[in-house]
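Hello,

Here is the structure we talked about handing over. My notes on it follow below.

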Amino acid sequence: MTKYNKRISEETRYKIAELYGTMKAQDIADMFGIAINQVYNVGRTSGKSQPQNKEVIIDSVAEQIILSGILGDGRLRKNGKNKTNTYYSECHANGETDYLMWKFDNLGELTKASKVYGKNKVDDEYGANEFTTLTTPSLNKYYNMTKLEVIDLLTDLGLLLYLLDDGWSSKYVSGLRFTLCLGELNEEEQISVKNRFDNTFDISSKIYVGKDRPNDLSFSSRDGCVFVECCKKYLPNSLDIIKKKFKGLIL
């Protein structure tokens, strides 16, 4: 539905100016029920437009967040006047807000001027939260990578984040068994993911062919113990996603 221009109060204008450059203009427009051109107008008149050509340092943790997000819950998009540079965004349901904030806080300069904002609004409540990074040429190389190149660069941290994004666990007498949905990956990419997990963690996973659904990568309960130790190495045990997917095994 097209939104027509409506009068914006000074209070709303101030809030839009504060958010401008920290989240997508369309999301700001949706938040306040206004047309997107009004958002751009406030941004221009308030001098809050975000620099599009700034190079930033992306450290090893931030890189693993981005790489795992490409396969999991993140997205890279072209932006700017000529669509020459790239931003990264990621969205998680409310039950994974701590996890989203951990990623946001560890992206360094990419999110220094950004904010986490609500998504999927129903009445007065949001069902999810999202962030959008700075648009920068520093992200272009990730945008241009093939999935095989992305998979080859995943470390134990990146694999863990990928598992937390798109995996789930089941509790058995023998221990915790994880499964990873391989989503839209083709056969070569699926095998590459399996090999990356197996070689990095010294385990032996199995790909199960799904009927009328994406294939899954299945891990044994022994592998679950390896993921527990990896999780303790990198992530606070208080994170909501840890409680959710490790089912009380990490205290």
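Both Phe219 and Phe227 are buried, where buried means under 20% relative accessible area, exposed over 50% and partly exposed in between (1.4 Å probe, protein chains only). They form an edge-to-face aromatic pair, 5.0 Å centre to centre with 90° between the planes. Rings of Phe, Tyr and Trp (its six-membered ring) pair if their centres lie within 6.5 Å; planes under 30 degrees apart count as stacked, over 60 as edge-to-face and the rest as tilted.

This is a predicted model: local features need pLDDT of at least 70, side-chain atom pairs count only at pLDDT 80 or more, and totals for chains, interfaces and linings use all residues. Residues are numbered from 1 along each chain as its sequence is written, and side-chain values use heavy atoms, with hydrogens and water left out.

The structure holds 9 aromatic pairs. In one of them, Phe197 and Phe201 have ring centres 6.1 Å apart and planes at 25°, so the pair is stacked. Phe197 has 0% relative accessibility and counts as buried; Phe201 is buried at 11%. Ring pairs link Phe178, Phe197, Phe201, Phe219, Phe227 and Phe246 into a cluster.

Strand β2 (residues 85–93) has 7 of its 9 residues buried, so it is largely enclosed by the rest of the structure. Strands (E, at least two residues) are DSSP runs, numbered from the N terminus, and two strands pair if DSSP finds at least two bridges between them. β2 pairs antiparallel with strand β1 (residues 74–79) over 6 bridges, and 5 bridges join β2 to antiparallel strand β4 (residues 125–132).

Regards

Terms used: Helix = DSSP H or I, 4+ residues; strand = E, 2+ residues; numbered from the N terminus.
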